Amino acid sequence: MITLSNINKTFKVAKRQAGFGRAVKALFSREHELVRALTDVSFRIGDGEMVGYIGPNGAGKSTTIKIMCGILTPESGACEIDGRTPWKERVAHVREIGVVFGQRSQLWWDVPVVDSFELIRDIYKVDEKLYKRNLDELAALLDLGELMKTPARSLSLGQRMRCEIAASLLHSPKTLFLDEPTIGLDAVSKIAVRQFIKKLNAEHGTTVILTTHDMQDIEALTERILLIGKGRILLDGSLEELKKRSSERKTLVVEYKGAAPEICFGMAVREDKDGRLVISLDPSILSVSDAITSLAAGAEITDVSVSGVTAEEMVASLYKEYRI
Amino acid sequence: MKKYAALFKIRFINGLQYRAAAAAGLSTQFAWGFMEILAFSAFYRANPAAFPMEFSHLVSYIWIQQAFLALFAPWGSGGDAVEAIVSGNIAYDLTRPLDIYNRWFIETAANRVARAALRCTPVLFVAFILPPPLKMTLPPSLFQLSMFVLAVPLGLCVVTAYSVIDSISTFYTMSRYNAIFVIMADFFAGGYIPLPFFPEPVRKVVELTPFGAMQNMPLRIYSGDIAGPDAVKGVVLQIFWFAALLLAGKMLMRKSLKRVVSQGG
């Protein structure tokens with residue numbers, strides 16, 4: 001169980017304008033600015049939940065994760081994870097969590113990955129049998145095999161990320177924090193990582209908290225979304241709810257031969273070019289099947305596709321709505 | 001304890017793989033050792049009475065210093081800790097169930113031991129087969145030797161505790177190299193000129209500071225320059241400074257972690 005209540009965090013940042021003159025001036029008096037990274041952040045996450053933590057760059061996602069991992073100390077507010085305050089009982093707390101920072105590496109650069117794994121085993125005092133079992137399982141699921149004998153520096157980003165995720169799970173953590181785990185990965189690696197996380201959650205009941213800019217990650221993985229902007233929690237709800245909230249409109253793409261199909265009430269044409277028609281449809285006025293029937297009645301249609309609002313569009317509209 | 005032993009091991013192994021660096025270091029150490037001895041011997045010939053150390057003591061001092069340079073030099077051993085702070089990878093380090101101070105201490109010490117292990121044997125071997133007066137001699141008694149064996153690890157502990165404080169200061173300075181910290185320690189520990197060559201009042205003060213408890217102790221105990229009860233006092237001073245620097249470092253670490261910022265997002 002994770003509970004955050006009224007967490008506040010500010011950073012002091014040195015600032016100056018560009019230019020030589022300003023740089024000289026900054027030698028004598030430096031200007032600092034207090035940046036509020038988090039303002040009254042509160043939420044609660046139950047055991048075994050998968051939560052997507054989203055927000056634009058600089059919204060405070062990583063700061064929240066770092067507070068929950070015991071790395072940063074907030075100015076005020078309370079955070080309790082399985083009965084412990086992370087920054088006060090850091091060592092006991094981090095034993096129970098796994099962390100992946102997509103932009104950093106926890107593997108020792110010059111040595112084969114398996115050496116890093118063994119060091120992690122010793123650091124967490126993982127029982128040899130459990131280590132063997134976890135390693136075999138992770139190696140099979142993440143397709144590590146030969147990768148483990150390679151030094152981390154020689155791995156590609158996707159290969160390394162799979163090893164990073166494995167490294168964070170060797171000690172069977174109860175909670176897994178993933179800070180942009182799919183950043184820079186190709187499609188195949190992304191899918192592999194997503195499937196793995198899903199399986200982990202389903203089979204081991206691991207609580208997963210994920211930050212990402214990739215909406216497909218969110219769509220594939222999480223049922224619950226926390227939206228943060230400018231350091232405040234703006235929304236907390238399921239993906240479906242959020243989608244409904246932003247819009248129920250469907251998009252129809254119709255390809256036709258000859259004369260353009262007739263448009264009826266409830267449809268709005270967004271694009272009509274070279275025999276391809278893009279229509280925005282309000283299903284509360286006209287159902288999808290009726291719309292297709294009426295379109296097909298007056299013209300020769302070669303292809304139709306229907307899509308709802310994508311997570312990508314939804315988030316973009318949310319960011320717009322909250323002006324973040 | 002096992003986890004710290006594992007950390008020591010991986011650092012040690014990592015340190016052993018830099019053979020070219022060790023070879024380059026060795027040639028520097030030979031050149032430096034010869035030059036220093038030749039320079040001092042010129043002074044000695046000019047006026048042996050004004051020379052504050054016996055010449056054979058000085059020769060042993062210089063050769064052991066060169067052999068164990070990596071063990072006692074105040075620079076260049078806390079690189080991983082400093083890099084972790086500057087790059088922001090400290091974030092990962094803090095997600096490990098380890099005391100960060102202990103970890104850095106172990107890693108810094110392991111770096112030193114690994115580098116010294118590669119370099120000390122050739123230097124000592126050559127120093128023992130050289131013709132006198134360049135030749136290094138054995139310690140005058142079994143007592144001095146055993147005090148030396150005690151003073152080496154203690155000196156390592158003092159200088160490592162000092163280095164870790166240097167690394168922690170990176171939280172505040174964000175600089176990879178804190179010159180004042182390092183040069184001051186090297187100078188007052190007798191890294192350039194042995195402490196007996198310092199003016200009397202300066203020497204007396206410096207010998208009581210942590211700098212006097214670093215390489216100064218083992219290097220002078222070996223040859224008998226610090227002998228008998230003075231050697232025992234010296235070792236006690238080393239234990240005192242090790243404990244003091246350890247406590248200071250741990251306190252500073254606790255304070256710093258409250259204001260830690262993970263650089264670069």
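In the predicted model, K230(A) lies in the loop that connects β8 (224–229) with β9 (232–238) of chain A. Helices (H or I, at least four residues) and strands (E, at least two) are DSSP runs numbered from the N terminus. Although K230(A) is not a glycine, its phi is positive, about 50°. K230(A) is partly exposed, with 17 other C-beta atoms within 10 Å; a residue is termed buried if 20 or more other C-beta atoms, placed from the backbone, lie within 10 Å of its own, exposed if 12 or fewer, and partly exposed in between.

Residues are numbered from 1 along each chain as its sequence is written, and chains are lettered from A in the order in which they are written. Because the model is predicted, local features need pLDDT of at least 70 and side-chain atom pairs count only at pLDDT 80 or more, whereas totals for chains, interfaces and linings use all residues.

A positive phi of about 50° is also found at D82(A), likewise not a glycine. D82(A) is placed in the loop between β4 (76–81) and α3 (90–94) of chain A, and counts as partly exposed with 15 C-beta neighbours inside 10 Å. Most residues other than glycine have a negative phi, and most peptide bonds are trans.

In chain B, a cis peptide bond with omega of about 5° joins P132(B) to P133(B). P133(B) belongs to the loop between α7 (100–129) and α8 (142–168).

Helix α5 (residues 79–87) of chain B contains buried residues, including D80(B), V82(B) and I85(B). Their cover includes α6 (90–93), α7, α8 and α9 (170–173) of chain B. G88(B), with a positive phi near 95°, follows α5(B).

Key
Two residues are in contact if their C-beta atoms, placed from the backbone, lie within 7 Å.
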